[in-house]
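Reader: I am new to this structure and would like to go through it by question and answer. Please show it, and begin with a term that will be needed.

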Amino acid sequence: MCKTHYNPIHCIIPPYMLTRLMESGNKKIADLAIKSNFRSFRFRNDRIFFQKASQYEKDILGLIAKQTGKEIMQMEVYDCRQKTDLIGATLLWDSKNNQKITSVAGKNVIKGGKASWDFYWQLFGRNSIDNKGLLIRQYVHFDKGMDNAYWDGRRMIYGDGDGLVFTSFTSDIDVIGHELTHGVTENEANLDYENQAGALNESFSDIFGIMIKQRYNNQDVKKSNWLIGEKVMIGPKYALRSMKAPGTAYINHPELGTDPQPATMDKYQNLPNTQSGDFGGVHINSGIPNFAFYVAAFNMGGYAWEKAGRIWYAVLTDVNLAQNAKFADVKNLTIAHAGRIFGINSPEVIAVRQGWLEAKV
Amino acid sequence: MKIKLIRTGGFIPITKAAETEVNLSDKELASLLVIIKPDPAAPRIKDGNYYELTVGSDSTPVDLEKVPDEYRDIFSKLKSDLKIIK
């Protein structure tokens, strides 16, 4: 029961129970249940509306999430203790109190979260996920053996892995940077999570995730192996994705088979826009724009974030990047921004063109 | 009857499945599927996992967060038994 009042119907109760109470013979209980159901309906719809709203709409309507407004990183890390109840998760660490913790997963996400915040702030002057100082919330040890990490629209959630194929999804900074970048994308172009736009959404997360790792490890384009999640996947020959050679992150894996990512547009996979079709292969076809970025960044040389990263960030934050953008749209925008930043006949423009050419877009 | 839970999605798209025998009437199953039906307007979780329940040849998307207490053990077991489909 809630601490602030003592009517159980005002508390969070499961929908099936609410339905029963709404049909109760006791008028008082039924009335309360109907009101509660109405509030829940409005809450759900508000959430859906705000998730789909553009940055402009969000600005007009005011703040929708806790924002600090301060130009310092604000972060909280919670321990889910292998349960799926986020509300019941325990606060492990917060940037205000900087508690000493023993959880490895907790330490990993603090490190990855800081590296991600620093990356966006120091390179692009971006103040957190929403550029308004949003409090970064990370949840570790979610569920029993969950082999995944995700961004749920407000926070990052990590599983411990199944211990057979995957270890903790907090093990790699690029995975943490990937999830945080989903939040950045959601606050910018808010790319649709399906088909080519969805693959671009995934690709932006991989691109910024790998650069966050490269910067943390002081790796230039030659030193980096361009692998995403190499520690998350158990076994020295495996990673979750390869940006340098999509389709080779894992080959003949005893459980997973072979990495299905294509590197070039002629191998684009037309999958159904369904759950089982990965919403049109968003995690599969992202190999194509990933490869274009790799080639462009490699040809520019040096640190990826200094030139290629600037161009891709300019595109990610460009109001002309449509929610349903296709690969060709991002190609055109990256060429345009490379020309604007470095000059239309610059080696950087040539490198970007070469990237998309090799990806056959 | 035999029910099969299928999990898709994730950071890398993997399909996992587990099945079990349950003692549910057709009517009970039908009302359960209504209760655990996902909200079609809910935004897609980035890198999220999605679940389907297969009974015979019919597959229905399900939201495991909505599973009522009396069926929670069945779904917890199914979840812990999930194996990668190669």
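Author: Two residues are in contact if their C-beta atoms, placed from the backbone, lie within 7 Å. The model is predicted, so local features need pLDDT of at least 70 and side-chain atom pairs count only at pLDDT 80 or more, while totals for chains, interfaces and linings use all residues. Residues are numbered from 1 along each chain as its sequence is written, and chains are lettered from A and ligands numbered from 1 in the order in which they are written.

Reader: What share of the contacts in chain B with a separation of 6 or more comes from residues 24 or more positions apart?
Author: Chain B has 2 helices and 5 strands; helices (H or I, at least four residues) and strands (E, at least two) are DSSP runs, numbered from the N terminus. Along the sequence these elements follow the pattern β-β-α-β-β-α-β. Of the contacts in chain B with a separation of 6 or more, the share from residues 24 or more positions apart is 64%.

Reader: Why is chain B as compact as a globular protein of that length?
Author: The radius of gyration is taken over C-alpha atoms, and the globule rule is 2.2 Å times the number of residues to the power 0.38. For the 86 residues of chain B the rule gives 12 Å, and chain B counts as compact because its radius of gyration is close to that, at 13 Å.

Reader: What share of the 361 residues in chain A is buried?
Author: A residue is buried if 20 or more other C-beta atoms lie within 10 Å of its own, exposed if 12 or fewer, and partly exposed in between; the C-beta atoms are placed from the backbone. The secondary structure of chain A comes to 11 helices and 7 strands. Of the 361 residues in chain A, the buried share is 46%.

Reader: Which element gives the most residues to the side of chain A that touches chain B?
Author: In this interface, 27 residues of chain A are in contact with 27 residues of chain B. Elements of chain A that give two or more residues to that side are α1 (15–22), α2 (27–52), β4 (149–151), α5 and α7 (278–281). With 4 residues, the element that gives the most is α2(A).

Reader: How many residues of α6(A) are buried?
Author: The expected span of a helix is 1.5 Å times one less than its number of residues. α6(A) reaches 32 Å from its first C-alpha to its last, close to the 32 Å expected. α6(A) is mostly covered, and its buried residues number 20 of 22.

Reader: Why is α9(A) largely enclosed by the rest of the structure?
Author: What covers the buried residues of α9(A) includes α4 (104–124), α5, α6, α8, α10 and α11 of chain A. Those buried residues include Trp312(A) and Tyr313(A). α9(A) is largely enclosed because its buried residues are 7 of 9.

Reader: Which residue just after α10(A) takes a positive phi?
Author: α10(A) (residues 327–342) has 16 residues and should span 22 Å, which agrees with the 22 Å between its end C-alpha atoms. Among its buried residues are Phe327(A), Leu333(A) and His337(A), and what covers the buried residues includes α6 (195–216), α8 (287–300), α9 (308–316) and α11 (347–358) of chain A. Just after α10(A), the residue with a positive phi, about 105°, is Gly343(A).

Reader: How many nonpolar residues are in the contact of α8(A) with α11(A)?
Author: α8(A) and α11(A) pack with their axes 7 Å apart and at an angle of about 145°; axes are lines fitted to C-alpha atoms, for helices over the stretch in contact, and angles run from 0 to 180 degrees between N-to-C directions. The contact includes Phe291(A) and Val295(A) of α8(A), and Val352(A) and Trp356(A) of α11(A). Ala, Val, Leu, Ile, Met, Phe, Trp, Tyr, Cys and Pro count as nonpolar, Asp, Glu, Lys and Arg as charged, and the others, Gly among them, as polar. By class the contact has 2 charged, 3 polar and, as nonpolar residues, 9.

Reader: Is Trp226(A) buried or exposed?
Author: Most residues other than glycine have a negative phi. Trp226(A), in the loop between α6 and β6 (227–228) of chain A, has a positive phi of about 60°. With 26 C-beta neighbours inside 10 Å, Trp226(A) counts as buried.
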